[in-house]
Amino acid sequence: MAEEAILGYLATSEEIPDSGQFASQHGFQHNDVVNVIKSLHGFRYIDAQDIKRESWVLTDEGKKYAADGSPEVQLFLAVPQEGSISKDELQKKLEPSVFKIGCSQAGKNKWVDMGKQVSRKVQHVEDKVKDLLIRIQKGEALGKDDINSLKARKLIAAQTWKGYSVKKGPNYAPTRKKVATDLTRENLQRGDWKELEFKEYNFNAKGPPAEAGHLHPLLKASIGHYIYQLHLAYGKYVTVKYIFWNFDALFQPQQHPARDSHDTFFLEVPSTTRELPEDYVKLVKRVHESGGYGSRGYMYDWKREEANKNLLRTHTTAVSTRMLYALAKQPFTPKRYFSIDRVFRNESVDRTHLAEFHQIEGLVCDKGLTLGDLIGVLNDFFSRLGMSKLRFKPAYNPYTEPSMEIFSYHEGLKKWVEIGNSGMFRPEMLLPMGFPEDVRVIAWGLSLERPTMILYGVDNIRDLFGHKVDLSLMKRNPICRLGID
Ligand code: PHE
């Protein structure tokens with residue numbers, strides 16, 4: 001075995017200078033020797049240094065001549081010892097390429113007289129080409145002139161030969177000891193772990209693919225598209241979780257049914273917030289009670305206790321409000337924002353409703369924006385998500401005027417599907433924040449679950465989100481494409 005031969009050789013000799021020579025001297029395939037060297041090297045029985053050599057190998061044509069003889073000799077042998085043979089006759093006896101090359105080479109060597117009739121000029125020839133080719137096959141080194149003549153006839157080609165020189169390594173032993181790869185219960189029970197030699201860790205070895213966590217389809221939808229696409233077009237991704245911002249700052253009256261505990265989850269602990277920007281709260285109170293900025297307000301008694309209540313965000317517009325408030329504090333610069341976040345509604349759960357879901361929200365804030373801009377931006381925003389056929393329907397939101405529901409034509413379902421809600425934020429919301437009067441904010445929001453359900457062909461929202469989700473679905477689902485290539 002090559003392993004024994006290598007270790008045995010190193011017991012008495014300093015070095016194996018060339019694995020190629022070692023292999024041929026000991027009658028091994030070089031490949032086998034190389035594999036053993038790699039393995040012994042891994043266990044540090046030996047040290048191995050790469051060696052590279054330019055070597056020559058036979059081309060297909062070279063191999064043919066090494067087996068059958070060179071064309072010139074084949075041609076010579078086809079010519080009778082005495083007398084002559086017609087060229088046509090000779091041609092019939094040989095392969096066309098052998099005949100052609102043979103004629104020119106045998107002529108050059110002055111072995112034959114070439115005319116209409118061909119006859120021998122000498123009685124014995126040696127097949128030097130065949131001999132040289134066989135020597136190359138054996139890996140012998142040839143002189144420069146011989147190499148050049150074979151190269152010129154394209155019978156050999158250069159090849160880099162790779163092998164090793166080998167010396168004893170730090171763990172050298174004349175025979176390989178069996179090392180343990182695992183510490184077993186039996187080793188511990190028998191106590192033989194004390195004597196066992198363990199295989200060292202090979203930190204370069206590739207382990208089996210890790211069975212790690214998988215992205216949830218909703219994340220795939222949001223990561224795959226929304227975040228990437230929107231990041232390019234709409235800048236920063238923001239998450240904020242505040243409560244007053246959910247309703248009051250949005251000019252949503254305190255008696256609005258959405259604030260009812262049937263629709264909203266209120267927090268028990270802590271049930272109220274301690275920190276609100278007092279100056280701003282005063283302005284919000286005034287706009288609710290008596291309006292201003294050309295509005296009559298809602299004309300009711302705005303109660304601070306109500307605004308202090310903590311609740312779980314019912315829409316990501318709470319995020320927009322919070323960001324706009326922060327933006328209004330700085331010298332005005334146009335901005336685009338989007339967010340993807342979780343929202344909560346106290347609804348009974350069914351095939352299409354969950355008490356917890358996600359919304360994608362976007363807004364553009366600039367001077368002089370119009371409803372036309374909103375429609376244009378929505379077309380752009382949704383076409384980036386692969387939804388280019390949109391329709392808009394007038395709607396009502398306490399915080400936007402005008403407001404529009406957004407519908408998209410779903411090619412698969414062959415119908416118009418509501419995908420979101422949008423509008424221009426009211427002056428009663430923007431002006432108390434401190435925006436200049438000519439600043440307009442166009443905004444929109446949509447559910448993340450709805451398009452994802454359509455994309456993955458899921459008809460029960462509980463199959464997509466929540467504790468009933470099939471885990472293998474997550475492993476299998478590709479990153480969603482929303483129709484974009
Ligand atoms: N907040 C709205 C909803 O939850 C969506 C919306 C966002 C509407 C921004 C107008 C402007 O449906």
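How many of the nine residues of strand E12 (residues 439-447) are buried? Eight are, so the strand is mostly covered. Buried means under 20% relative accessible area, exposed means over 50%, and partly exposed lies in between (1.4 Å probe, protein chains only). Strands here are DSSP runs of E with at least two residues, helices are runs of H or I with at least four, and both are numbered from the N terminus.

This is a predicted model, in which local features need pLDDT of at least 70, side-chain atom pairs count only at pLDDT 80 or more, and totals for chains, interfaces and linings use all residues. Residues are numbered from 1 along each chain as its sequence is written, and side-chain values use heavy atoms, with hydrogens and water left out.

**Strand E12 and its partners**

E12 pairs with strand E8 (residues 356-367). The two run antiparallel and are joined by nine bridges. Two strands count as paired if DSSP finds at least two bridges between them.

**The nonpolar cores**

A nonpolar core is a set of buried Ala, Val, Leu, Ile, Met, Phe, Trp, Tyr and Cys residues joined through side-chain atoms within 4.5 Å. The largest one has 29 residues. Phe244, Leu324, Phe425, Met433 and Phe435 have the most contacts inside it. Helix H12 (278-289), helix H14 (317-328), E8, helix H16 (427-433) and E12 each give two or more residues to this core. H14 supplies the largest share, six residues. Another core lies apart from it, with 27 residues, among them Val377, Phe381, Met404 and Met453.

Which residues does Phe425 touch? Leaving out residues up to four places away in sequence, its contacts include Leu250, Leu324, Leu363, Tyr399, Leu430, Val441 and Ala443. Contact means heavy atoms within 4.5 Å.

**Salt bridges**

The whole structure holds 17 salt bridges. Each is a side-chain nitrogen of Lys or Arg within 4 Å of a carboxyl oxygen of Asp or Glu. Three of them are listed here.

| Pair | N to O distance |
|---|---|
| Lys128 and Asp146 | 3.5 Å |
| Lys177 and Glu197 | 3.2 Å |
| Arg190 and Asp192 | 3.1 Å |

Lys128 lies in helix H8 (residues 128-137) and Asp146 in helix H9 (residues 144-152), so this pair ties together parts that are 18 residues apart in sequence. Lys128 is exposed, at 52% relative accessibility.

Lys177 sits in the loop between strand E6 (156-168) and H10, and Glu197 in the loop between H10 and helix H11 (217-234), so the pair links parts 20 residues apart in sequence. Lys177 is partly exposed at 47%. Glu197 is partly exposed at 41%.

Arg190 is exposed, with a relative accessible area of 57%.

**A nonpolar surface patch**

Leu183, Leu188, Trp193 and Phe198 form a nonpolar patch on the surface. Together they have about 390 Å² of accessible area, computed by the Shrake-Rupley method with a 1.4 Å probe, with only the protein chains shown counting as cover for residues. Patch members have over 30% relative accessible area and no salt bridge; like charges are joined within 9 Å, nonpolar side chains (Val, Leu, Ile, Met, Phe, Trp, Tyr) within 5 Å. Leu188 lies in helix H10 (residues 185-190). Its relative accessible area of 48% makes Leu188 partly exposed.
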